[in-house]
Amino acid sequence: MTAALRFDPIRLPSECEQLRKEVRAFLAEEIAAGTFDPHKPNREDTDVPEFSRKVGARGWLGMTWPKKYGGHERSFLERYVVTEEMRVANAPTRRFFVADRQSGPVLLKYAPENIKMDILPRICRGEVCFAIGMSEPNSGSDLFAAKTRATKTDGGYLINGTKIWTSSAHIADYMIAIFRTSPPTKENRRHGLTQFLVKMKQPGIQVNPIGQITGQYEFNEVVFTDHFIPDDHVLGEIDGAWKQATSELAYERSGPERFLETYYVLTELVRAVGKNPDTRSAEGIGRLVAQVHTMRRMSVSVAGMLQAGKEPVVEASIVKDIGTVWEQQLPHRVRDLAAFVEETATNRETLEKQLDFAIKTAPKLTIQGGTTEVLRGIIARGLGLR
Amino acid sequence: MAESDNIVAETAEKIFADLADAQTINRDNKGAWKAPLWQALTEAGLPLSWVPEDCGGSGASLAEGFSVLSAAGRFAVAVPLAETMLAGWLLAQARIASPDGEMTVVPASPKDRITVNADGSLSGRARGVPFAKAAKRFAVLASDAKGNFSIALVDAGKCRIETGLNLGGDNSDTVTLDQVQPLTIKPAPQGFDQTRLMLMGGVARSLQIAGALESMLEISVRYSNERVAFEKKISKFQAVQHNLARLAGESAAALAAATSAADAIANATTFNDEVFLEAVAAKIRCAEAAEKGGAIAHQVHGAIGFTIEHILHRYSLRALAWRDDFGSESYWAVELGKLVAARGADELWPLVASR
C-alpha cells in the first residue's frame with residue numbers, strides 16, 4: 001500500500017502579510033539606495049556584507065530560533081515569506097543564506113552550548129557566512145564515500161583531504177563538513193563519518209576558486225593540510241553523521257529557492273509582451289503562471305506541515321524534484337515566447353541578457369543540493385519501491 | 001487512500017468502496033452497478049450536498065462537498081454525482097429548490113451561451129454537457145440581451161439532446177434549447193456570471209483528476225511490486241522507480257493545486273483575481289498532470305494496462321476527458337495570461353504570493 005501524499009492547503013497567517021509589507025518596503029529602499037539591482041541577477045559580486053547586517057538588524061535571520069541565541073521565535077511560515085520576497089527581488093543573500101537555512105539549525109541541534117552562544121547570535125546579526133563541506137573530488141551524490149580524514153590528535157583532530165564544489169568557501173567564516181573518522185563497516189557503509197564545525201581562514205586550509213560556466217566564481221576547491229580542529233567542534237555523534245543528515249533535509253529541499261531561481265525571466269517576459277499579448281504569448285504565460293503558482297502552493301504546504309510538526313520528507317523531495325526541473329526549463333520556455341516579442345519592446349535588451357544568464361545557470365539547478373536522480377530515489381523509497 | 005477530512009467524505013468513500021469497485025464495474029458491461037450506486041448516494045444525500053436544507057438538499061459545506069469530489073475522482077466514479085452537485089449549487093445561488101434525481105449544468109463550456117428570450121423562454125446550444133442524457137433536469141445559466149444572468153431549472157425532456165461520448169466513455173452531449181420554457185427561472189445574484197460557474201466546474205474536475213491520479217499512482221506502484229521481468233520485480237529497476245517518482249510528482253502537483261483552489265473558493269469572501277488564479281491554475285496544472293501522469297501509469301503497466309479488461313483506463317481516460325469540461329487548460333491559460341499581462345509585470349508576484 002502506498003503511503004498517501006499530503007499537501008494540506010495552507011493559508012499564510014495574517015502576521016505574514018504585515019511582515020511581507022515590511023520586507024517589500026525594506027527591499028524597495030535598498031534598491032533605491034543602489035545596494036542591488038533586481039533586474040541584474042548576473043551581477044559579479046553577490047556578497048554584500050552591509051546588506052547582510054541590515055537584514056539581521058531587521059530580525060529576519062534566525063527567525064525561528066530561540067531568543068537566547070539571538071533568534072526571534074517566529075514561525076517557519078514567516079521565515080518563508082522573507083525568503084521568497086528576497087529571492088524574487090534578486091536580493092544579495094549569499095552571505096547569510098546558508099547559515100540561516102541550514103548551518104544554524106545544525107548548530108542548534110548538535111553544537112555544545114559555548115559554541116551556540118558564540119556563533120548563533122552572530123548569524124542572527126548577519127555577521128557570519130557559512131559553507132557546507134560535503135562533496136569531494138571522488139564523492140558527490142555518493143556522500144558516504146567521502147575520504148577526507150579527521151585523525152585524532154591531542155585535544156582535537158587533524159584534517160587532510162579535499163572538499164570541492166563548496167559554494168561561498170572563499171568568503172565563508174565557517175564550514176560545516178563531514179570528515180572520515182573511521183573506515184566504513186561491512187554492515188554499514190555509511191558508518192565512519194563525523195560532522196565538524198570548521199573555522200575557515202585558518203592555517204592548513206587553502207581555498208581555490210573554480211570558475212563556473214556563468215562566468216561567476218561561486219564555488220571552490222578547499223584543501224585541508226594538517227588543519228587542526230578542537231574536540232568541542234565535533235557536531236553530534238562520532239562516526240554517526242549518517243544519522244544526522246536526513247532530518248533537516250525537508251527544510252532544505254522544499255523552500256521557495258527551489259523553484260524561483262530563474263523566476264525573473266518570467267516577470268521580464270510579462271513586461272516585454274505588454275498589456276495586450278497575442279494568443280500565443282497569453283497562453284504561454286498563463287501556463288507558466290499556473291505552474292509557478294502550483295509549485296509555490298506545494299512549497300508553502302510543506303512549510304506549513306513542518307510548522308505543524310509533521311515530517312513530509314517525501315513531499316519535500318517532490319517539491320525539489322519538480323521545482324528544480326521547472327526552474328531549469330523556465331528560461332527555455334520564456335525564450336520560446338520571447339521570439340515573438342516586438343523588436344520595439346523597451347526592456348528587450350534586459351530580457352535577452354537575463355535569458356542568457358538564466359540559460360547558463362539552468363544546468364546547475366537540478367544538481368546542487370541533491371541531484372534529481374538522488375531525489376527520485378528518495379521518492380521511490382517513500383513509495384515503497386526500494 | 002488519503003484520510004478523509006470529514007464525515008461526508010467518509011460516507012462517500014464507503015459507498016464507493018462498496019458499490020463502485022473498479023474491478024466489479026469493469027467486468028459489468030450491462031451497467032447493473034449504476035442504479036444501486038446512485039440510490040445509495042441519494043439516500044446519503046450526497047448529490048445535493050451543496051443544496052441548503054430549505055432548498056431540498058443536505059446543506060453540507062463547500063469544503064465537505066469538495067472532499068466528496070476528491071473521493072469520486074479516486075474511484076473514477078461514472079455517475080453524474082459531480083454534475084448533480086454542481087447543478088444543485090447553481091440552483092441554490094438563486095434560491096431555487098433542487099428536485100430529486102440526476103441533474104447536470106448547462107452550459108458546460110465558457111464558449112457556449114444560453115439566451116433568455118424576451119418571452120422568458122431559453123434558447124441556445126451547449127456542447128460537451130456531461131451526463132446530459134442521464135439527467136432528468138438541467139440547471140441552466142442564461143443571460144438576456146442586456147447581459148443580466150438568470151438561473152433556471154429546465155426539464156431535460158424539453159431539450160434536444162445529441163448524445164456523444166467523452167474519452168472515458170461517459171456521456172458528453174450536445175444540448176439544444178429552442179425557446180424552452182423553464183420550470184423555474186430567477187435572477188442570478190449580483191456579480192454571478194458564467195465565469196463563476198465555469199470555475200466552480202473546473203475546480204470540481206481538478207479535484208476529480210487529482211483523485212484519479214492518486215489511484216493511478218497507487219495501482220502503478222502495486223503492479224510494479226508484483227510484476228517480474230528479467231528475474232526481478234520491475235519496481236527494482238531504477239528506470240521504473242524514477243518514472244514512478246515522476247508520477248508521484250504529477251499526482252502531488254495536481255493534488256496541491258486542486259485542494260488549494262477548493263480551499264480558496266470555499267473561503268472566498270469576494271471573487272477576485274486571487275481566487276481566479278487559484279481556480280484556473282488548478283484546471284491548467286491538473287490537466288497537464290493528467291497527460292504526463294497518465295502516460296507514466298500506462299508505461300509502467302505495459303500492454304496489460306492497454307487492455308479493456310484492466311482497470312487502469314477507468315482512471316487514465318477519465319482524467320484526460322475531464323480536461324475538456326468547463327474550459328480546457330489552453331482556454332484558461334489564455335485567459336490567465338491576459339489577466340497577468342493586463343495587471344502588468346510588477347503585479348505578477350503580488351498575485352502569486354497572495355496567500
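A: Asp239(A) is partly exposed, with 18 other C-beta atoms within 10 Å. Partly exposed lies between buried (20 or more other C-beta atoms within 10 Å of its own) and exposed (12 or fewer), with C-beta atoms placed from the backbone. This is a predicted model: local features need pLDDT of at least 70, side-chain atom pairs count only at pLDDT 80 or more, and totals for chains, interfaces and linings use all residues. Residues are numbered from 1 along each chain as its sequence is written, while chains are lettered from A and ligands numbered from 1 in the order in which they are written.

Q: Where is Asp239(A) found?
A: Asp239(A) is in the loop between strand 8 (234-235) and helix 6 (241-244) of chain A. Helices (H or I, at least four residues) and strands (E, at least two) are DSSP runs, numbered from the N terminus. Its phi is near 70°, a positive value in a residue other than glycine.

Q: Is Phe230(B) buried or exposed?
A: Phe230(B) is exposed, with 8 other C-beta atoms within 10 Å. Phe230(B) also has a positive phi, about 50°, and is not a glycine. Look for Phe230(B) in the loop between strand 9 (228-229) and strand 10 (232-233) of chain B.

Q: OK, new topic. Which residues does a cis peptide bond join?
A: Val106(B) and Pro107(B), with omega about 0°. Pro107(B) sits in the loop between strand 1 (103-106) and strand 2 (114-116) of chain B.

Q: Now the helices. At what angle do helix 8 and helix 11 of chain A pack?
A: Helix 8 (residues 264-273) and helix 11 (residues 348-365) of chain A pack at about 155°, with axes 10 Å apart. Axes are lines fitted to C-alpha atoms, for helices over the stretch in contact, and angles run from 0 to 180 degrees between N-to-C directions. That makes helix 8 of chain A roughly antiparallel to helix 11 of chain A (over 145 degrees).

Q: Which residues of helix 8 meet helix 11 in chain A?
A: Among them are Tyr264(A), Val265(A) and Leu269(A). Contact means C-beta atoms, placed from the backbone, within 7 Å.

Q: Last one. How many residues of chain A are in contact with chain B?
A: 47 residues of chain A are in contact with 44 residues of chain B. Helix 9 of chain A gives the most to the chain A side, with 18 residues.

Terms used
Parallel < 35°, antiparallel > 145°, perpendicular 65-115°, else oblique. Contact = placed C-beta atoms within 7 Å.
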